[in-house]
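This briefing is meant for someone meeting the structure for the first time. Please look over the sequence and the model before reading the notes that follow.

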Amino acid sequence: RARAQVLELFGVSSATHTLVFTSGATEGIRLLGESFAWTPGSVFLYAQDSHTSVVGLRQLARRAGAAYGTFALEDLRHLDRDLSSACRLGAEGCAASSGEGCLCWADDAGDRGPNLLAFPGESNFSGARADLSCVARLRAGAPRWRVLLDAAKLACSPGALDLRTCPADFVVVSFYKIFGYPTGLGALIVRHDAAPLLTPTAAPGGSEGPQNAFGPSYFAGGCVAAVSATSGFAVARPGLADWLERGTPNFQAIVALPSQMACLQDLGSAELRRRHTLAVCREAYLRMRALRHRSGELLCTIFGHHEEPRWWEAQGPTIAAVFRFADGSFMPYGLISELASARGIVLRTGCHCNAGACQKSLGLKDKDLRYFFASGKVCGDDRGLIDGRPTGVVRVSFGVFSTFADVRRWISLLEEELVDRLPEKEECESCANVAADGPKDGHSANAV
């Protein structure tokens, strides 16, 4: 029942799609990467705005001998023709990040396949959305792509993920992000015509057990139809969900899904919930955009597609921003996090496991990230500035239960605590170090 209702939530059914329950979107991506029918002729591309869980697939592509690279989300619609808008990576990395140009693609790159193209439906960093209207064209183009849509963020917006109009081959979602409960449950949704790419192969009679692109494939309880402990004999179950859902499923979380879906539906139609969520976010955006210090300096710079003519289609209900003191220097995001926590406001800071979007928004190159790491910065810490440069952003997200009163509380914090604020020593120790010692390794204290 829950499996059918989830597929219905996204506009499809078991007649066209298989739903594989996972522990979350990340496990769905990992299962896809480990099961995909990679060949040395495959090409794997991921959008620069991808979550780290998607970027990690390049390790599996590399292990299989496939070519791999990255592209700007704005160039997605061009990839049905050739690879000229994508940057090939390799052992040397993407040379374009240091201004030296990308590695060259082989003349026949993408011709043999199968090829995998991965991108987020909505950036978890800024809420900027991809143009999903080109997915069908990408699947039929040259090169022909199999499309992985990371919908962990997109699916949080009511009605935004409709697999009737977006024929992605593989889609991952997280139910915790959609409903708030249950935790530890997600799904990998697979089109039936793409399922053979994840199905293990086997020698006649199952004498060597299930195989994948990397050789013998791991199997576990519940995913084999027959197995011998005294020989290599093992036969995978024929259903994709049966094969990939290994061990005991999180059945207590699964049975909670129908009630969670009913709870949202009781709030009104998906369109009504979508309009409410976007309206609350838009109010916050417009009020944040107008805030200035008395010096005339803008309080914050906001990233995403909020200024697009049809912003309600191009932008999800998320605001990502960096903030400046009245003297123009950057505020450490930890300061805003502390002030928000004291007022009971929940937000997130950092790069949000999206290095590419962070690099693009903050103007960071590969050498900058290496320098930050050498300076002691690691993912998930609270070091918001290094040599006066921001290492991440403040992200405020809105959902169906957000209200305009929440916006007023957030704007009051900004007006009362941050407008016209000057840095104190403990708030900008790294800025003070730069002022005393000068910029290091070509880094400016007040410029991105």
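This is a predicted model: local features need pLDDT of at least 70, side-chain atom pairs count only at pLDDT 80 or more; totals for chains, interfaces and linings use all residues.

A residue is called buried when its relative accessible area is under 20%, exposed when that area is over 50%, and partly exposed in between. Cys 351, with 24% relative accessibility, therefore counts as partly exposed.

**Cysteines**

- Where a disulfide is taken to be a pair of cysteine sulfur atoms within 2.5 Å, the count for this model comes to one disulfide.
- That disulfide joins Cys 351 to Cys 358, with an S to S distance of 2.0 Å, and the link is left-handed, with -55 degrees about the S-S bond.
- The two partners fall into separate accessibility classes, since Cys 351 is partly exposed at 24%, whereas Cys 358 is buried with a relative accessible area of 1%.
- Cys 156 has its closest cysteine sulfur in Cys 281, and because the two sulfur atoms are 13 Å apart, the distance is too far for a bond.
- Cys 156 is partly exposed, with a relative accessible area of 27%, while Cys 223 is buried, with a value of 0%.

**Nonpolar cores**

- The largest nonpolar core holds 49 residues, and those that touch the most other members are Leu 45, Phe 71, Phe 119, Leu 161, Val 173 and Phe 175.
- Leaving aside residues up to four places away in sequence, Leu 161 touches Leu 9, Phe 10, Leu 149, Ala 151, Leu 154, Ala 155, Val 171 and Val 173.
- Another core lies apart from the largest one and has 37 residues, among them Val 20, Ala 152, Val 172 and Val 224.

**A helix contact**

- Helix H1, which covers residues 2-9, and helix H9, which covers residues 257-265, have axes that come within 9 Å of each other and cross at roughly 35 degrees.
- On the side of H1 the contact is made by Ala 2, Gln 5, Val 6 and Leu 9, and on the side of H9 by Leu 257, Pro 258 and Met 261.
- By residue class, the contact of H1 with H9 is made up of six nonpolar residues and one polar residue, with no charged residue.

**Backbone features**

- Gly 113 and Pro 114 are joined by a cis peptide bond with omega of about -5 degrees, and Pro 114 sits in the loop between strand E4 (86-89) and strand E5 (115-120).
- A cis peptide bond also joins Tyr 181 and Pro 182, where omega is about 5 degrees, and Pro 182 belongs to the loop between helix H6 (175-179) and strand E8 (186-191).
- Asp 387, although not a glycine, has a positive phi of about 55 degrees; Asp 387 is placed in the loop between strand E16 (385-386) and strand E17 (389-390), and with 9% relative accessibility Asp 387 counts as buried.
- Asp 420 is likewise not a glycine and has a positive phi of about 70 degrees; Asp 420 is found in the loop between helix H15 (404-418) and helix H16 (429-437), where a relative accessibility of 27% makes Asp 420 partly exposed.

Key:
Residues are numbered from 1 along each chain as its sequence is written. Side-chain values use heavy atoms; hydrogens and water are left out. Axes are lines fitted to C-alpha atoms, for helices over the stretch in contact, and angles run from 0 to 180 degrees between N-to-C directions. Helices (H or I, at least four residues) and strands (E, at least two) are DSSP runs, numbered from the N terminus. Contact means heavy atoms within 4.5 Å. Ala, Val, Leu, Ile, Met, Phe, Trp, Tyr, Cys and Pro count as nonpolar, Asp, Glu, Lys and Arg as charged, and the others, Gly among them, as polar. Buried means under 20% relative accessible area, exposed over 50%, partly exposed in between (1.4 Å probe, protein chains only). A nonpolar core is a set of buried Ala, Val, Leu, Ile, Met, Phe, Trp, Tyr and Cys residues joined through side-chain atoms within 4.5 Å.
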